Amino acid sequence: MSYPLTEEQELIRQTARDFTQEFIEPAAAEIDRTALHPAGLIEKLAEYGFTGLFQPEEFGGAEAGFLSYALVIEEISKASGAVASILNSHAALAAYSIREWGTVEQKAQYLPALSSGELLGSFALNEPGAAPGIGAHKLVAVKDGNSYVLNGRKSFVANGGAAGVYVVIALTEIEAGTKGMSAFIVDGNAAGLSVAGIIDKMGLRGCQSTELVFENVRIPESNLLGAEGRGLSIAVKAQAVAGVTEGAMVVGIAQAALDDAVKYGKQRIQFKRPIANFPAIQTMFAEMAANIYAARLAVYDAAILIEKKEPFMAEAAMVKLFASRIGQSALIDVIQIEGGYGYSQDMAVSRFFRDIKGVVIKNSSLEFPEKVIADYLLD
(Lines give C-alpha, C1' and ligand atoms only; values in the text may rest on other atoms or scores of the structure.)
Protein backbone atom coordinates (compact mmCIF):
# COMPACT_ATOMS: atom_id res chain seq x y z
CA MET A 1 0.00 0.00 0.00
CA SER A 2 1.66 3.20 -1.20
CA TYR A 3 -0.79 5.70 0.33
CA PRO A 4 1.34 8.33 2.12
CA LEU A 5 0.62 7.69 5.80
CA THR A 6 2.50 9.60 8.45
CA GLU A 7 4.65 7.86 11.04
CA GLU A 8 1.92 8.49 13.64
CA GLN A 9 -0.76 7.00 11.39
CA GLU A 10 1.37 3.92 10.71
CA LEU A 11 1.87 3.49 14.46
CA ILE A 12 -1.86 3.82 15.14
CA ARG A 13 -2.65 1.28 12.44
CA GLN A 14 -0.11 -1.18 13.84
CA THR A 15 -1.46 -0.67 17.37
CA ALA A 16 -4.98 -1.39 16.10
CA ARG A 17 -3.70 -4.48 14.26
CA ASP A 18 -1.96 -5.80 17.39
CA PHE A 19 -5.02 -5.02 19.53
CA THR A 20 -7.29 -6.84 17.08
CA GLN A 21 -5.09 -9.93 17.01
CA GLU A 22 -4.77 -10.08 20.79
CA PHE A 23 -8.28 -9.21 21.96
CA ILE A 24 -10.82 -9.32 19.12
CA GLU A 25 -9.85 -12.30 16.94
CA PRO A 26 -10.10 -14.82 19.81
CA ALA A 27 -13.55 -13.54 20.72
CA ALA A 28 -15.05 -12.79 17.28
CA ALA A 29 -16.78 -16.13 16.64
CA GLU A 30 -18.27 -16.20 20.14
CA ILE A 31 -19.53 -12.62 19.80
CA ASP A 32 -21.26 -13.63 16.58
CA ARG A 33 -22.69 -16.82 18.10
CA THR A 34 -24.13 -15.26 21.24
CA ALA A 35 -25.06 -11.85 19.75
CA LEU A 36 -24.30 -10.32 23.16
CA HIS A 37 -22.93 -6.81 23.54
CA PRO A 38 -19.18 -7.29 24.30
CA ALA A 39 -18.96 -4.78 27.16
CA GLY A 40 -15.52 -5.94 28.34
CA LEU A 41 -14.07 -5.59 24.86
CA ILE A 42 -15.47 -2.08 24.49
CA GLU A 43 -13.82 -1.17 27.79
CA LYS A 44 -10.54 -2.41 26.30
CA LEU A 45 -11.09 -0.24 23.20
CA ALA A 46 -11.52 2.74 25.52
CA GLU A 47 -8.43 1.79 27.50
CA TYR A 48 -6.38 1.93 24.31
CA GLY A 49 -7.84 5.33 23.37
CA PHE A 50 -9.83 4.20 20.34
CA THR A 51 -13.18 5.58 21.57
CA GLY A 52 -11.90 9.17 21.45
CA LEU A 53 -9.27 8.85 18.75
CA PHE A 54 -10.27 11.83 16.59
CA GLN A 55 -11.91 13.95 19.29
CA PRO A 56 -10.20 17.21 20.36
CA GLU A 57 -7.64 16.99 23.15
CA GLU A 58 -9.53 19.61 25.17
CA PHE A 59 -12.38 17.10 25.50
CA GLY A 60 -10.23 14.10 26.34
CA GLY A 61 -9.60 12.87 22.81
CA ALA A 62 -6.34 11.99 21.10
CA GLU A 63 -6.98 14.42 18.20
CA ALA A 64 -5.33 11.91 15.87
CA GLY A 65 -7.46 12.79 12.85
CA PHE A 66 -10.25 11.06 10.96
CA LEU A 67 -7.94 9.09 8.66
CA SER A 68 -6.32 7.47 11.71
CA TYR A 69 -9.80 6.54 12.92
CA ALA A 70 -10.62 4.99 9.51
CA LEU A 71 -7.41 2.93 9.72
CA VAL A 72 -8.48 1.59 13.13
CA ILE A 73 -11.97 0.70 11.86
CA GLU A 74 -10.46 -1.15 8.89
CA GLU A 75 -8.17 -3.23 11.12
CA ILE A 76 -10.91 -4.09 13.65
CA SER A 77 -13.27 -5.07 10.82
CA LYS A 78 -10.83 -7.73 9.62
CA ALA A 79 -11.72 -9.67 12.76
CA SER A 80 -15.20 -8.45 13.74
CA GLY A 81 -17.58 -6.23 11.83
CA ALA A 82 -19.78 -6.14 14.94
CA VAL A 83 -17.11 -4.56 17.14
CA ALA A 84 -16.24 -2.07 14.40
CA SER A 85 -19.93 -1.20 14.07
CA ILE A 86 -20.23 -0.54 17.80
CA LEU A 87 -17.27 1.83 17.66
CA ASN A 88 -18.50 3.52 14.49
CA SER A 89 -21.98 4.20 15.88
CA HIS A 90 -20.38 5.60 19.01
CA ALA A 91 -17.67 7.77 17.45
CA ALA A 92 -18.65 8.65 13.87
CA LEU A 93 -22.34 9.22 14.58
CA ALA A 94 -23.06 10.15 18.21
CA ALA A 95 -19.79 11.74 19.34
CA TYR A 96 -19.19 13.38 15.95
CA SER A 97 -22.64 14.98 16.02
CA ILE A 98 -22.09 16.47 19.46
CA ARG A 99 -18.64 17.71 18.46
CA GLU A 100 -19.90 19.37 15.28
CA TRP A 101 -23.24 20.83 16.40
CA GLY A 102 -23.07 20.89 20.17
CA THR A 103 -22.86 24.03 22.26
CA VAL A 104 -19.80 24.67 24.40
CA GLU A 105 -21.76 23.39 27.40
CA GLN A 106 -22.95 20.25 25.59
CA LYS A 107 -19.42 19.43 24.45
CA ALA A 108 -18.05 19.92 27.95
CA GLN A 109 -20.78 17.74 29.44
CA TYR A 110 -20.67 14.80 27.03
CA LEU A 111 -17.49 14.63 24.95
CA PRO A 112 -15.00 13.81 27.74
CA ALA A 113 -17.12 10.85 28.84
CA LEU A 114 -17.61 9.72 25.23
CA SER A 115 -13.89 10.04 24.50
CA SER A 116 -12.89 8.06 27.59
CA GLY A 117 -15.48 5.37 26.94
CA GLU A 118 -17.27 6.11 30.22
CA LEU A 119 -20.33 6.68 28.03
CA LEU A 120 -21.16 4.69 24.93
CA GLY A 121 -22.89 6.73 22.24
CA SER A 122 -25.73 5.89 19.88
CA PHE A 123 -27.57 7.63 17.04
CA ALA A 124 -31.33 7.05 16.81
CA LEU A 125 -32.81 7.91 13.41
CA ASN A 126 -34.79 4.99 11.95
CA GLU A 127 -38.40 4.32 12.91
CA PRO A 128 -40.62 1.22 12.70
CA GLY A 129 -42.16 0.56 9.32
CA ALA A 130 -41.47 3.89 7.63
CA ALA A 131 -38.95 6.63 6.98
CA PRO A 132 -38.30 8.96 9.94
CA GLY A 133 -41.12 11.36 10.69
CA ILE A 134 -43.72 9.63 8.55
CA GLY A 135 -45.10 6.43 10.13
CA ALA A 136 -47.58 5.75 12.89
CA HIS A 137 -44.81 5.47 15.48
CA LYS A 138 -42.93 8.63 14.51
CA LEU A 139 -41.00 10.27 17.32
CA VAL A 140 -42.43 13.70 18.12
CA ALA A 141 -40.87 16.31 20.40
CA VAL A 142 -43.29 18.90 21.81
CA LYS A 143 -42.03 22.08 23.47
CA ASP A 144 -43.32 22.47 27.02
CA GLY A 145 -41.91 25.48 28.82
CA ASN A 146 -38.16 25.00 29.19
CA SER A 147 -38.40 21.34 28.17
CA TYR A 148 -39.21 19.07 25.26
CA VAL A 149 -41.42 16.00 25.73
CA LEU A 150 -40.69 13.08 23.40
CA ASN A 151 -43.18 10.37 22.42
CA GLY A 152 -42.82 7.66 19.80
CA ARG A 153 -40.40 4.93 18.78
CA LYS A 154 -37.06 4.38 17.14
CA SER A 155 -35.98 1.15 15.49
CA PHE A 156 -32.71 -0.58 14.54
CA VAL A 157 -30.83 1.62 17.00
CA ALA A 158 -27.21 0.42 17.06
CA ASN A 159 -25.85 0.22 20.62
CA GLY A 160 -29.44 0.57 21.82
CA GLY A 161 -29.83 -0.40 25.45
CA ALA A 162 -26.07 -0.36 25.97
CA ALA A 163 -25.58 3.34 25.24
CA GLY A 164 -25.31 5.97 27.94
CA VAL A 165 -26.26 8.80 25.59
CA TYR A 166 -28.32 9.01 22.40
CA VAL A 167 -28.42 11.56 19.63
CA VAL A 168 -32.07 11.39 18.62
CA ILE A 169 -33.85 12.83 15.58
CA ALA A 170 -37.46 13.82 16.32
CA LEU A 171 -40.24 15.84 14.70
CA THR A 172 -40.72 19.29 16.19
CA GLU A 173 -42.97 20.62 13.41
CA ILE A 174 -45.29 17.82 12.30
CA GLU A 175 -46.79 19.56 9.27
CA ALA A 176 -43.32 20.17 7.81
CA GLY A 177 -42.49 16.45 7.62
CA THR A 178 -38.80 15.61 7.40
CA LYS A 179 -37.98 19.32 7.11
CA GLY A 180 -39.46 19.79 10.58
CA MET A 181 -37.09 17.40 12.36
CA SER A 182 -34.67 18.40 15.10
CA ALA A 183 -31.80 16.66 16.90
CA PHE A 184 -31.66 16.10 20.65
CA ILE A 185 -29.26 14.65 23.19
CA VAL A 186 -31.03 12.11 25.41
CA ASP A 187 -29.42 10.41 28.39
CA GLY A 188 -29.68 6.64 28.35
CA ASN A 189 -31.27 6.57 31.80
CA ALA A 190 -33.93 9.20 31.03
CA ALA A 191 -37.30 8.51 32.65
CA GLY A 192 -39.76 7.08 30.11
CA LEU A 193 -37.06 5.72 27.78
CA SER A 194 -37.15 1.93 27.43
CA VAL A 195 -36.01 -0.89 25.16
CA ALA A 196 -38.92 -2.70 23.52
CA GLY A 197 -36.76 -5.54 22.27
CA ILE A 198 -33.41 -6.57 20.85
CA ILE A 199 -33.48 -7.30 17.12
CA ASP A 200 -32.00 -10.70 16.25
CA LYS A 201 -29.97 -9.80 13.16
CA MET A 202 -28.32 -12.05 10.58
CA GLY A 203 -25.00 -10.19 10.74
CA LEU A 204 -23.16 -7.66 12.92
CA ARG A 205 -24.75 -9.62 15.72
CA GLY A 206 -22.60 -8.33 18.58
CA CYS A 207 -23.61 -4.77 17.76
CA GLN A 208 -26.85 -4.68 19.70
CA SER A 209 -29.74 -3.21 17.70
CA THR A 210 -32.95 -2.39 19.49
CA GLU A 211 -36.30 -0.70 19.27
CA LEU A 212 -36.53 2.22 21.68
CA VAL A 213 -39.79 3.47 23.18
CA PHE A 214 -40.17 7.10 24.27
CA GLU A 215 -43.07 7.64 26.65
CA ASN A 216 -43.24 11.25 27.83
CA VAL A 217 -39.47 11.49 27.93
CA ARG A 218 -38.82 14.99 29.22
CA ILE A 219 -35.49 16.60 28.40
CA PRO A 220 -34.30 20.16 29.05
CA GLU A 221 -34.39 22.69 26.23
CA SER A 222 -30.60 22.84 26.53
CA ASN A 223 -30.43 19.31 25.09
CA LEU A 224 -31.52 20.53 21.66
CA LEU A 225 -28.58 19.81 19.35
CA GLY A 226 -28.11 22.58 16.80
CA ALA A 227 -31.05 24.79 15.87
CA GLU A 228 -34.63 23.57 15.80
CA GLY A 229 -35.45 22.23 12.32
CA ARG A 230 -31.83 21.25 11.61
CA GLY A 231 -32.37 17.55 12.32
CA LEU A 232 -32.46 16.45 8.69
CA SER A 233 -29.23 18.21 7.73
CA ILE A 234 -27.48 16.88 10.86
CA ALA A 235 -28.63 13.33 10.12
CA VAL A 236 -27.56 13.48 6.46
CA LYS A 237 -24.09 14.81 7.22
CA ALA A 238 -23.50 12.51 10.20
CA GLN A 239 -24.53 9.49 8.15
CA ALA A 240 -22.21 10.56 5.35
CA VAL A 241 -19.31 10.70 7.82
CA ALA A 242 -20.20 7.28 9.21
CA GLY A 243 -20.60 6.03 5.63
CA VAL A 244 -16.94 6.71 4.95
CA THR A 245 -15.85 4.52 7.84
CA GLU A 246 -18.48 1.96 6.88
CA GLY A 247 -16.49 1.90 3.64
CA ALA A 248 -13.44 1.15 5.78
CA MET A 249 -15.42 -1.70 7.36
CA VAL A 250 -16.17 -3.13 3.91
CA VAL A 251 -12.49 -2.88 2.96
CA GLY A 252 -11.41 -4.62 6.16
CA ILE A 253 -13.94 -7.45 5.92
CA ALA A 254 -13.33 -7.98 2.19
CA GLN A 255 -9.55 -8.02 2.72
CA ALA A 256 -9.87 -10.62 5.47
CA ALA A 257 -12.11 -12.74 3.24
CA LEU A 258 -9.68 -12.47 0.32
CA ASP A 259 -6.76 -13.45 2.55
CA ASP A 260 -8.76 -16.46 3.74
CA ALA A 261 -9.59 -17.48 0.16
CA VAL A 262 -5.97 -17.18 -0.98
CA LYS A 263 -4.85 -19.37 1.93
CA TYR A 264 -7.54 -21.90 1.10
CA GLY A 265 -6.70 -21.82 -2.61
CA LYS A 266 -3.08 -22.71 -1.89
CA GLN A 267 -4.06 -25.65 0.30
CA ARG A 268 -7.00 -27.10 -1.62
CA ILE A 269 -5.79 -29.71 -4.14
CA GLN A 270 -7.76 -30.63 -7.25
CA PHE A 271 -6.39 -32.57 -10.23
CA LYS A 272 -3.07 -32.88 -8.36
CA ARG A 273 -2.46 -29.16 -7.99
CA PRO A 274 -3.67 -26.29 -5.78
CA ILE A 275 -6.84 -24.64 -7.06
CA ALA A 276 -5.02 -21.29 -6.73
CA ASN A 277 -3.13 -22.29 -9.89
CA PHE A 278 -6.31 -22.39 -11.98
CA PRO A 279 -6.75 -19.31 -14.23
CA ALA A 280 -10.44 -18.88 -13.28
CA ILE A 281 -9.54 -18.72 -9.57
CA GLN A 282 -6.66 -16.34 -10.23
CA THR A 283 -9.01 -14.04 -12.14
CA MET A 284 -11.33 -13.90 -9.11
CA PHE A 285 -8.38 -13.12 -6.84
CA ALA A 286 -7.15 -10.37 -9.14
CA GLU A 287 -10.55 -8.69 -9.48
CA MET A 288 -11.14 -8.77 -5.73
CA ALA A 289 -7.69 -7.36 -4.98
CA ALA A 290 -8.11 -4.55 -7.52
CA ASN A 291 -11.55 -3.58 -6.18
CA ILE A 292 -10.39 -3.62 -2.55
CA TYR A 293 -7.36 -1.51 -3.48
CA ALA A 294 -9.53 1.10 -5.22
CA ALA A 295 -12.07 1.16 -2.38
CA ARG A 296 -9.33 1.61 0.22
CA LEU A 297 -7.90 4.62 -1.62
CA ALA A 298 -11.38 6.14 -1.93
CA VAL A 299 -12.02 5.68 1.79
CA TYR A 300 -8.69 7.25 2.76
CA ASP A 301 -9.22 10.20 0.41
CA ALA A 302 -12.71 10.91 1.77
CA ALA A 303 -11.43 10.54 5.35
CA ILE A 304 -8.78 13.19 4.71
CA LEU A 305 -11.43 15.57 3.34
CA ILE A 306 -13.41 15.13 6.57
CA GLU A 307 -10.26 15.64 8.61
CA LYS A 308 -9.43 18.86 6.77
CA LYS A 309 -13.04 20.07 7.02
CA GLU A 310 -13.29 20.31 3.24
CA PRO A 311 -16.45 19.42 1.24
CA PHE A 312 -16.83 15.64 1.27
CA MET A 313 -20.48 14.73 0.68
CA ALA A 314 -20.04 13.65 -2.96
CA GLU A 315 -16.92 11.64 -2.16
CA ALA A 316 -18.67 9.97 0.80
CA ALA A 317 -21.55 9.00 -1.49
CA MET A 318 -19.09 7.53 -4.01
CA VAL A 319 -17.48 5.48 -1.22
CA LYS A 320 -20.94 4.25 -0.16
CA LEU A 321 -21.92 3.29 -3.71
CA PHE A 322 -18.65 1.60 -4.69
CA ALA A 323 -18.05 -0.19 -1.39
CA SER A 324 -21.56 -1.65 -1.35
CA ARG A 325 -20.96 -3.17 -4.78
CA ILE A 326 -17.47 -4.54 -4.39
CA GLY A 327 -17.97 -5.83 -0.85
CA GLN A 328 -20.86 -8.14 -1.62
CA SER A 329 -19.30 -9.23 -4.91
CA ALA A 330 -16.03 -10.15 -3.19
CA LEU A 331 -17.76 -12.30 -0.58
CA ILE A 332 -19.82 -14.15 -3.20
CA ASP A 333 -16.58 -14.96 -5.04
CA VAL A 334 -14.85 -16.10 -1.85
CA ILE A 335 -17.69 -18.49 -1.02
CA GLN A 336 -17.56 -19.78 -4.60
CA ILE A 337 -13.80 -20.41 -4.29
CA GLU A 338 -14.11 -22.19 -0.95
CA GLY A 339 -17.13 -24.18 -2.08
CA GLY A 340 -18.94 -26.25 0.52
CA TYR A 341 -16.42 -25.25 3.20
CA GLY A 342 -17.04 -21.56 2.56
CA TYR A 343 -20.78 -22.16 2.85
CA SER A 344 -20.33 -23.80 6.24
CA GLN A 345 -21.28 -21.82 9.35
CA ASP A 346 -18.11 -23.13 10.97
CA MET A 347 -15.96 -21.01 8.65
CA ALA A 348 -15.21 -17.32 9.16
CA VAL A 349 -16.32 -16.54 5.61
CA SER A 350 -19.96 -17.11 6.56
CA ARG A 351 -19.66 -14.41 9.23
CA PHE A 352 -17.81 -12.10 6.83
CA PHE A 353 -20.62 -12.46 4.30
CA ARG A 354 -23.39 -11.75 6.82
CA ASP A 355 -21.48 -8.82 8.32
CA ILE A 356 -20.64 -7.16 5.02
CA LYS A 357 -24.29 -7.25 3.98
CA GLY A 358 -25.19 -5.60 7.28
CA VAL A 359 -22.66 -2.83 6.72
CA VAL A 360 -24.09 -2.12 3.28
CA ILE A 361 -27.72 -1.76 4.41
CA LYS A 362 -27.28 -0.12 7.84
CA ASN A 363 -27.37 3.65 8.24
CA SER A 364 -28.60 4.09 4.69
CA SER A 365 -28.52 7.77 3.85
CA LEU A 366 -31.73 9.73 3.75
CA GLU A 367 -30.66 10.44 0.17
CA PHE A 368 -29.49 7.65 -2.13
CA PRO A 369 -25.78 7.93 -2.94
CA GLU A 370 -26.57 8.06 -6.65
CA LYS A 371 -28.67 11.19 -6.11
CA VAL A 372 -25.96 12.89 -4.04
CA ILE A 373 -23.38 12.19 -6.74
CA ALA A 374 -25.69 13.31 -9.54
CA ASP A 375 -26.57 16.55 -7.72
CA TYR A 376 -22.84 17.24 -7.30
CA LEU A 377 -22.17 16.68 -11.00
CA LEU A 378 -25.14 18.76 -12.16
CA ASP A 379 -24.61 21.67 -9.77
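This is a selection-by-selection tour of a predicted model. Residues are numbered from 1 along each chain as its sequence is written, and side-chain values use heavy atoms, with hydrogens and water left out. Because the model is predicted, local features need pLDDT of at least 70 and side-chain atom pairs count only at pLDDT 80 or more, while totals for chains, interfaces and linings use all residues.

**Helix 1 and helix 3**

Select helix 1 (residues 7-34) and helix 3, which spans 66-77. Helices here are DSSP runs of H or I with at least four residues, strands are runs of E with at least two, and both are numbered from the N terminus. Two packed helices are described by the angle between their axes and the distance between the axes. For helix 1 and helix 3, the axes come within 9 Å and cross at roughly 25 degrees. Axes are lines fitted to C-alpha atoms, for helices over the stretch in contact, and angles run from 0 to 180 degrees between N-to-C directions. Helix 1 and helix 3 are therefore roughly parallel (angles under 35 degrees count as roughly parallel, over 145 as roughly antiparallel, 65 to 115 as roughly perpendicular and the rest as oblique).

Contact means heavy atoms within 4.5 Å.

Stay in helix 1 and select Asp32. Is Asp32 buried or exposed? Asp32 counts as buried, at 14% relative accessibility (buried is under 20% relative accessible area, exposed over 50%, partly exposed in between, with a 1.4 Å probe and protein chains only). Leaving aside neighbours within four places in sequence, Asp32 is in contact with Arg205, Arg351 and Arg354.

**Ser80 and helix 4**

Move to Ser80, in the loop between helix 3 and helix 4 (81-101). Ser80 is buried, with a relative accessible area of 3%. Not counting residues up to four places away in sequence, Ser80 touches Ile24, Ala28 and Arg351. A polar atom of the Ser80 side chain lies 3.2 Å from the backbone nitrogen of Val83. Ser80 and Phe352 are 272 residues apart along the chain, yet their C-alpha atoms are separated by 8.2 Å.

Next, select Ala92 in helix 4. Ala92 is buried, at 0% relative accessible area. Beyond four places in sequence, its contacts include Phe54, Tyr69, Ala238 and Thr245.

Continue to Asn159, in the loop between strand 3 and strand 4 (165-171). Asn159 is not a glycine, but its phi is positive, near 70 degrees. Most residues other than glycine have a negative phi. Asn159 is buried, with a relative accessible area of 0%.

Which residues does Gln208 touch? Not counting residues up to four places away in sequence, they include Asn159, His37, Val157 and Ile198. Gln208 is in the loop between strand 6 (193-198) and strand 7 (209-220), and counts as buried at 13% relative accessibility.

End at Asn216 in strand 7. Asn216 also has a positive phi, of about 50 degrees, but counts as exposed at 53% relative accessibility.

Definitions and conventions. A polar contact is a pair of N or O atoms within 3.5 Å; within protein, one must be able to donate a hydrogen and the other to accept it, and residues adjacent in sequence count only if both atoms are side-chain atoms.
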